[in-house]
Amino acid sequence: MSRNPELPEVLPVFPLPRALLLPRARLPLHIFEPRYLAMVEDVMKTSHRLLGMIQPSEHEGKERLSAIGCAGKLTQFSETEDGRYMITITGVSRYRIGGEIEGFHPYRKFKVDWHGFDQDHGTTEKDPKLDRKFFFDLLSKYLKRRGLSTDWESLRDADDELLINALSMMLDFEIEEKQALLEAPSLVTRRETLVTLIEYNLRGGSSEEILQ
């Protein structure tokens, strides 16, 4: 049973590799597969307008889903002339996936458990240990190595949660790394995980010192 009556016990689930959604963050999605067009249409008919994002992975040729995902509320919707949907979902809460619900829907539905993620429903988190100079210096090295650029002014003005969560969602990490960021129990832990992943990528996946 969910503690919040607005959180359903069953969710339609959208497995999408490396598409990370975090509570209070926004994720734009381009929907074009018929089964997920149907899913969006069904979600729009509900009072909660929630769908579950989750990381898929392959094991012995079979698709498996991660144990924890994040539900998002459909907050923006537009349709293209050729019938595709452009939507934005806003993160509401993480969940643990349960048993699959069989039926005549073309997409997958699962029972979900919301317990253990009370902080997702609270106010914006702070990170009192965030060393912004160190963090931005490290990020600059990572972006330079990847040949990428960013809006530094917007990053510097962002509050702790927006900064850390936006980078967790946008940076190009592997599925398992994205999942580790999702499952971080606090913003501080997520920032520590993010720093570790950036440093690991700067080393090229080795234990050598970070290049200066």
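## The second largest cavity

Let's begin inside the protein, in a model that is predicted. The lining of the second largest cavity divides into 8 nonpolar residues, 2 polar ones and no charged ones. Its members are Ala-19, Leu-20, Leu-21, Met-53, Ile-54, Gln-55, Ile-68, Gly-69, Cys-70 and Leu-182. Two elements give two or more residues to this lining: strand 3 (50-54) and strand 6 (68-79). Strand 6 gives the most, with 3 residues. The volume of the second largest cavity is about 40 Å³.

## The largest cavity

A search of the whole structure turns up 2 cavities of 30 Å³ or more. The largest cavity has a volume of about 60 Å³. Around the largest cavity you will find Pro-23, Arg-24, Arg-94, Gln-119, Asp-120, Glu-125, Glu-161, Asn-165, Ala-184, Pro-185, Ser-186 and Arg-190. This lining is made up of 3 nonpolar, 3 polar and 6 charged residues.

Two of the names in that lining, Arg-94 and Asp-120, return in the next section.

The side chains of Asp-120 and Arg-94 form a salt bridge, with a distance of 2.9 Å from N to O. The two partners belong to distant parts of the chain, 26 residues apart: Asp-120 sits in the loop between strand 8 (108-113) and helix 2 (132-146), while Arg-94 is part of strand 7 (residues 85-101). Both Asp-120 and Arg-94 are buried.

## A link between two helices

Another salt bridge joins Arg-132 and Asp-160, whose closest N and O atoms are 3.0 Å apart. Arg-132 lies in helix 2 and Asp-160 in helix 4 (residues 160-170), so this pair ties together parts that are 28 residues apart in sequence.

How accessible are the two partners? Arg-132 has a relative accessibility of 23% and so counts as partly exposed. Asp-160 has a relative accessible area of 15%, which makes this residue buried.

## Other salt bridges

How many salt bridges does the structure hold? The total is 12. One of them is between the side chains of Asp-42 and Lys-45, at 3.9 Å from N to O. Here Asp-42 counts as partly exposed, at 30% relative accessibility, and Lys-45 is exposed, with a relative accessible area of 67%.

Salt bridges can also be linked together: Arg-18, Arg-146, Asp-172 and Glu-174 are connected in a network of them.

Key. Residues numbered from 1 in each chain as written. Predicted model: local features only at pLDDT ≥ 70, side-chain atom pairs only at ≥ 80, totals over all residues. Heavy atoms only, no water. 1 Å grid on protein atoms, 1.4 Å probe; cavity = no way out; pocket = protein on both sides within 12 Å on 5 of 7 lines; lining within 4 Å. Points joined across faces, edges and corners; volume = space filled by probe spheres on them. Nonpolar A, V, L, I, M, F, W, Y, C, P; charged D, E, K, R; others polar. Helix = DSSP H or I, 4+ residues; strand = E, 2+ residues; numbered from the N terminus. Salt bridge = Lys/Arg side-chain N within 4 Å of Asp/Glu carboxyl O. Buried < 20%, exposed > 50% of the residue type's maximum accessible area, 1.4 Å probe, protein only.
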